[in-house]
Structure formats: structure tokens, C-alpha cells
Amino acid sequence: MEKKILYKFTIDKDVEKTVESVRKNKKTGEETITKKKVKSKEPVEVQIKRPNRRELEEAELEYSVEMSNCIKKGILTKAMLGKKYSDTGGLFSEDDSSDYADMYKKALDMQNEYMRLETVKKRTAAQEKRFEKVKAEISINKKKIVEFESNFQSLFDHTADVKAQNKVLLWYCLHLTYIYNEEKDQFEPYFEGDTFEDKTEFYYELEEQDDPFYTELIQKASTTLAFWFFNQASSQEEFEDLMDKVESGELDDQAEVKEEKVSKE
């Protein structure tokens with residue numbers, strides 16, 4: 001089955017090839033073959049696959065597992081943190097804590113519904129209407145959450161929710177990034193391994209290398225998936241527009257922070 005593409009781009013990679021040259025002796029007619037290595041830059045095609053329903057479900061499971069693990073280690077969720085401060089009469093009032101918990105739950109529910117509707121090949125009129133409504137509601141709810149969290153960003157950055165969110169974004173990045181293999185004439189997964197653990201180990205190995213190609217690839221792949229995950233883009237044109245803003249420095253700081261978390265955590 002042909003995979004659906006979320007976004008595609010090219011990155012120049014340094015390659016070293018052996019070039020042969022033939023020189024013929026005019027007197028004897030003998031030919032001399034010389035070989036030399038030549039360094040050049042060649043564009044490599046990269047594709048970010050659009051996740052199918054099974055991959056969405058696997059990523060959701062990874063999110064739940066990471067949330068559970070974090071809570072077992074004593075890391076608070078955002079809702080728990082809000083309640084803690086409201087109970088002690090600290091940063092949040094009881095109403096603030098309740099409103100925030102409701103907004104965050106709604107954000108997760110709407111995001112899951114959005115992703116499921118997005119995977120439907122041919123949406124009915126009712127599904128299309130619902131899809132657009134969910135997309136609009138996500139945008140409104142997201143603005144409310146950002147306004148609330150902006151005053152307490154340093155606290156929320158270390159919650160179980162954020163750690164689970166970063167883990168699931170890493171899962172998407174390691175499973176959905178493909179590069180073109182010229183010899184085989186096909187796209188192959190960039191991160192090697194059969195399991196998430198195997199791919200993560202390969203990811204850490206790449207992080208230790210000083211490879212400009214990998215650095216640019218992981219930045220673009222993680223940025224693409226962060227945009228998609230937070231419902232900021234879903235088409236090639238939208239991604240290209242956002243990438244142009246990233247390169248020109250027009251993108252807001254919040255999106256840049258999200259990208260950094262995906263690539264480093």
C-alpha cells in the first residue's frame with residue numbers, strides 16, 4: 001500500500017565518489033585508467049509519512065504509558081500541579097485550576113478526534129463539517145491554554161503531560177521519517193530498528209555524531225511533526241509557508257521551543 005505523505009523536502013548531503021578517467025597514448029594506443037575521489041553535495045529526498053490509524057493508536061498508547069511512568073516516579077500532571085497550587089492558596093485559584101483541567105482535557109479529546117478525522121480518505125459532508133468545526137475549536141481552546149500557561153511556563157515544562165507529549169513526538173519522528181535510497185530506488189525508514197527502543201538507540205547514536213545532514217534532517221522532521229501535532233499545518237503548502245517563516249525568523253518563540261523539545265528530549 002502506498003504511504004500518504006505529510007511533507008517532503010530535500011537536503012544536501014556531502015558524498016564522496018570515485019571518478020574514473022581514461023587517457024589514451026597516441027603512439028601506442030594503450031589506455032590508462034586513473035581513479036580519484038571527488039567530494040560533492042547531492043540532494044537527498046526526505047519524506048515525512050502521514051500516520052495511519054494504527055500508528056495513531058500506537059502513538060496514543062506510548063503517550064499513556066509515558067504518562068503512567070512519570071506519575072509513578074512522582075512527576076505531577078498539569079491538572080495535579082494546578083490543584084496543588086489551588087489547594088495551598090498559591091498561584092491558582094480553585095476556579096482557575098478547574099477551568100485549566102477542563103481546557104486541557106478538551107484539548108486532548110479534540111486533538112485525538114482531529115487526527116482520526118484527518119486519516120479518513122473520503123470524508124462525508126457531515127464528517128467534513130465536523131472536521132472544520134473541530135479544527136476551529138482546537139484553535140480557540142489552544143489560545144486559552146497558551147494565555148493561561150504563559151504566566152507559569154517554567155512550572156508546566158516539567159510536568160508528566162509535557163514529558164509524555166515530547167515522547168510521543170519523538171515516536172512520530174522516528175517512525176515517520178523516510179529518505180530515498182538511490183541504489184534501491186525506493187524510500188526507506190531513516191531511523192533503523194524494528195522497535196521504538198531500537199530506533200531510539202539509533203537516534204542517540206546519531207546525536208553523538210557531528211553530521212550536518214542529520215542535524216538539518218532532525219530539525220526539519222521534528223519541526224514538521226510539531227506543526228502537524230499542534231494542528232498548525234497539514235498540507236505541503238502550509239508546511240512550506242511555515243518552514244519559510246522558521247528560516248526567516250518570523251516564527252513565534254513558542255513553536256521554536258516545541259521543536260527543540262522534540263529533537264533533544
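Q: A residue counts as buried under 20% relative accessible area, as exposed over 50%, and as partly exposed in between; in this predicted model, is aspartate 185 buried or exposed?
A: The relative accessibility of aspartate 185 is 56%.

Q: Which strand gives the largest share of the lining of the second largest pocket?
A: The second largest pocket, with a volume of about 480 Å³, is lined by 15 residues, and those closest to its centre are Lys13, Val44, Tyr180, Asn181 and Glu182. At least two lining residues come from each of the strands S1, S2, S3 and S4. The largest share, four residues, is supplied by S2.

Q: How many residues of the lining of the second largest pocket are charged?
A: Sorted by class, this lining has seven nonpolar residues and one polar residue. The charged residues in the lining of the second largest pocket number seven.

Q: Which residues does tyrosine 172 touch, not counting those up to four places away in sequence?
A: In the largest nonpolar core, which has 58 residues, Tyr172 is among those that touch the most other members, as are Leu225, Trp228 and Phe229. In soluble globular proteins, nonpolar side chains tend to be buried together. With residues up to four places away left out, the contacts of tyrosine 172 are Pro51, Glu55, Leu56, Ala59, Met115, Leu225, Trp228 and Phe229.

Conventions:
Residues are numbered from 1 along each chain as its sequence is written. This is a predicted model: local features need pLDDT of at least 70, side-chain atom pairs count only at pLDDT 80 or more; totals for chains, interfaces and linings use all residues. Side-chain values use heavy atoms; hydrogens and water are left out. On a 1 Å grid over the protein atoms alone, a cavity is a set of points where a 1.4 Å probe fits but cannot get out, and a pocket is an open set with protein on both sides within 12 Å along at least five of seven lines; lining residues have an atom within 4 Å of a point. Grid points are joined across faces, edges and corners, and a volume is the space filled by probe spheres set on the points. Ala, Val, Leu, Ile, Met, Phe, Trp, Tyr, Cys and Pro count as nonpolar, Asp, Glu, Lys and Arg as charged, and the others, Gly among them, as polar. Buried means under 20% relative accessible area, exposed over 50%, partly exposed in between (1.4 Å probe, protein chains only). A nonpolar core is a set of buried Ala, Val, Leu, Ile, Met, Phe, Trp, Tyr and Cys residues joined through side-chain atoms within 4.5 Å. Contact means heavy atoms within 4.5 Å.
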